[in-house]
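User: Hi! Could you walk me through this one with me?

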Amino acid sequence: MATATAPAAAPALVLSRPRLIVLAALLLALALLLLRPMLPDGLVRWPAALTPDFAAWINGVFYFVQEDLGLTVVTRAVATLVEWLLDVVRNLLTGERGGFNVEPVPWLTVAALVTALGAYLGGLRLAVLGGGTFLYLALFGQWKDAMLTLSLVLVAAPAAVLLGLLLGVAAYKRAWFESLLIPLLNLFQSLPHFAYLIPVVVFFGIGQHAGAIATVMFAAPPMARMTLLGLKGLAPSVHEAALMSGCTPRQSLRHVEVPTARDALMVGVNQVIMQCLAMVVIASFIGASGLGYKLLLRLQSLKIGQAFELGVSIVLLAIVLDRFSRAYAAKKPVHADRVTFRTRWGWPLIMAGVLLLTWGLAALWPVLWEMPRHLDLGFVRLPLTLAPPIDALVDWITTDLFNALQAFRGWLLLTVLIPMREAYLALPWTAVLVLLAGLAFAAGGVRSALLVAGFVLFLALSGWWDRAMITAYMVSFADLVVIAVGLPLGLWLGQSARRAGAGLAVCDTLQTFPSFVYLIPVIMLFQVNDVSAIAAVMVYAIIPVVRYTIEGVRAVPSTLEEAALMSGANGLQRLWNVQLPLALPHIMVGINQTVMFSLFMVIIAAFIGTQDLGQEMMRALSDNDVGKGLVLGLCVAVMGLTVDEIASSWSARRRRELGIV
Amino acid sequence: MAARAHEIETALPRGTAAPPPALRCEGLWKVFGADPATLFRNGGRPDADALKAGGYIAAVNDVSIEVAAGEILIVMGLSGSGKSTLIRCLARLIDSTAGRVEVEGRNLLTMNEKDLIELRRHKMGMVFQNFALLPHKTVLDNVAFPLQMRGMGGRERLKRAREMVTLVGLEGREAYFPRELSGGQQQRVGIARSLAVEPDIWFLDEPFSALDPLIRREMQDEFLRLQRMLHKTIVFITHDFEEALRLADRIVIMRNGRAEQVGRAEELVLNPATEYVARFTREVPRARIVTVRSVMDAPDGAASGRPVPASARIEAVARRMIEGEETVPVVDEGGALVGSVRRGRVLDVLFGAA
Ligand SMILES: Nc1ncnc2c1ncn2[C@@H]1O[C@H](COP(=O)(O)OP(=O)(O)O)[C@@H](O)[C@H]1O
Ligand SMILES: [Mg+2]
């Protein structure tokens, strides 16, 4: 056989201990399902009478904190500060009154400065990207909404970076804080976007500032994590060099540890910016204006063409923010042999020149200052629009493809989705608990099993079991399809370095898009129903499987591949006996992420009509019911954490067995 | 062993009346594991079984050494033998589990945080195997960093840093960033940084191990040149015996956290204290280590020809004696006759005792 490590080489089915456990759990779960009619009701569904009223407790705590502890004073102060910051930025970018109450910066100047910044950060390519994007925004009549969105990001991202940095540093310095923070981060990063919105509404009301605050809370956790990882990842000698240089702990942190961890911190900053943009779009649900809000309106009224234009704006902004922040992260200092006037002042002068020139031009021609709502230049009419052709396309789809799509949809619903959904709903909670805890035990031992059992128990107790099962069925159907498509695709892309590079680049770009925009093409095809929700989940969640499969395959040591070749393995044998087994732990991490992505997306998709946890969450949001909202959010988090626990312990164990680090 | 004829006069290389040691440790322990303090309760010391039973690792195991002012002490041992841990205990980068460390008679282990920082800002410097330079600072700013930390003004500190950069032969590279330098150049920056505060005690943890052999050689010469100018008290770690031989006044051989033997290279070669040291030194080129003094006999009238100094290595007379001279006179630094060396003794050193 090819290599000694290939487990597929084992004869027939070996019943190892983990496999036995899984088998036993499966049989027990099956027995519970089949015996369902004979089971006491309490083992099928947790009795409603015994359901603890988590929501009321949480509401009680919130009420207590808000009213009796007088937290409103604090929250009002924070809200005022955030509002003022937003006013200033918005005033400068859009000319909306407030803040300094000055004229806005001319759009031409903003666009030109972005172009110059792109040139500074990444040469011609980024200059064209930045300039092109902002020109698009101006010419397609999206300027004002885009600037509103951008101003939220400009306020929220630095705040989130700062908050994350403080938390990360505190955890680095104090072990007890780290052991407190890590589980909280795990929880926060598995809470869907909506779960953040509801408490914010309760404490801060709705509006621009609430959107910004929700965004900060959503985006700070990844920064805290990256900060901690980066600082802990420093070579011990970095810390020692600081000590031997006579640093006090504070000097060491400020002058040595944080600057040396810059690369990791910049990864965190990039993540924060992207999370901010994604959240700012979703924060339109609680009154944040801008592109997201317009998109929400257009999607609700099925104006797909305009929605598409807005989607393009969001995507372009995302790419610009991502590429710019990455280019900044990659910029390493280079010495100048001679410090001349040009090396020292070149870029600041160029920026100043661009500023003055464009400002002057805008002063001469007001069109360059503020884009009018409509403008007829004779040869072309502004704003440009993509809406008519897109709408025509949608019309064509809905009329000419209607029968085919409708038939497909009906078939899918009747033969697959509805039966699957019924099956999930038929499962007694005890059967789910036995099955998942068994899987967790096989993957990670007693600790994992107990944790997962606790998660499932929470779901059963929460009172939202049926809704959760609907979410679970949508996610598992979508993910099965996604894995069936994404895994072979990733394996195929991974076979050559060139294909892998292209595949990863595409994944990279797609991943920067805020999840919300994935709804647009799906609605174009399927209108608004549960099939489109599942389709949206698929489109969004396929990215991690593909990406991690490519990475996993590429990371297989070439000596092993050569050994397989020399053993006379053909391509398929090599794939099956060498690449797949060795890449599987990494692929599993990808599948884990796919599940996370799906959960987030399925909740967002609630607003195009689902009947799961997400729908209830939307309701909680409109009712300002923080207790219900958080319990629902925790349900989603717990589902994600269950998969995470099983997948990552399996992956870690398998890596140890294979000797991969 | 045939060469044991003459007692080695003194354990200390220089000076007659032993000066107070610049650095001293006594009964030093560093134990890694769950709760090592329990092993040492009430002044007790753990034995090998107790360590093993608790899953502890004694990275430094009851080590006592002294380093005289101006001496180069080399700590030698295989990877994992506890060299780095020892040097970190000596600099109190980590707290020892038990024992005593003294710097010029002051107990390092009871010093408070503030005094310790002061000590490091003025008395100690360290060079690291992987350089540990600050990636965001230029060469000059890296070298000036310890001075900046102790609050020296900008102009003065850059002046001093510039001197240091020149001292290690990097003039012209002041504005470079570490990333833009080769490994050898980066380590020169590391050396300059550690010397910037003009420390009395200089720790080097495998400073040249990450470098190519040719560069390593060059850096060793550089190191010796600096030491001839600066006369620091040095603790230098290496796992390369060749390097130890070139640089050492004295060598400590470590194994599993224990100091197996402390002494001059010649002592280790001629009088290995343990089987391990013997095995370690078996392959070394003895003719380049053993001095004429240690194999000479009383002055002999038959000795003829050009005399050799007692401090010369055997390799200095080897060729003459193989080619036929029977006995060669030995003189001291002043040129006075102190003994003679016979052919048989030299051949013993070269080819082992008959
Ligand atoms: N922080 C630590 N925790 C646990 N064990 C350690 C730690 N540091 C070193 N050790 C162990 O102490 C022993 C000596 O390590 P070290 O001093 O680094 O050896 P050397 O520098 O000679 O290679 C090794 O067995 C190492 O695994
Ligand atoms: Mg070491």
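User: What does the polar side-chain atom of Lys83(B) lie 2.9 Å from?
Analyst: That atom of Lys83(B) lies 2.9 Å from an oxygen atom of ligand 1, which counts as a polar contact (a pair of N or O atoms within 3.5 Å). This is a predicted model, where local features need pLDDT of at least 70, side-chain atom pairs count only at pLDDT 80 or more, and totals for chains, interfaces and linings use all residues. Residues are numbered from 1 along each chain as its sequence is written, chains are lettered from A and ligands numbered from 1 in the order in which they are written, and side-chain values use heavy atoms, leaving out hydrogens and water.

User: And which backbone atoms are close to ligand 1's oxygens?
Analyst: A polar backbone atom of Gly80(B) is 2.7 Å from a ligand oxygen, and a backbone N or O atom of Gly82(B) is 3.1 Å from one.

User: How much of ligand 1 does the protein cover?
Analyst: The protein covers 58% of the 550 Å² of accessible area that ligand 1 has on its own (Shrake-Rupley method, 1.4 Å probe).

User: Switching topic: how many salt bridges cross between chain B and chain A?
Analyst: The rule finds one, needing a side-chain nitrogen of Lys or Arg within 4 Å of a carboxyl oxygen of Asp or Glu.

User: Which residues form it?
Analyst: Arg88(B) pairs with Glu240(A), with their closest N and O atoms 2.7 Å apart.

User: How many residues does each chain put into the contact?
Analyst: Chain B gives 27 and chain A gives 23, contact being heavy atoms within 4.5 Å.

Conventions:
Polar contact = N/O pair within 3.5 Å; in protein donor to acceptor, adjacent residues only side chain to side chain.
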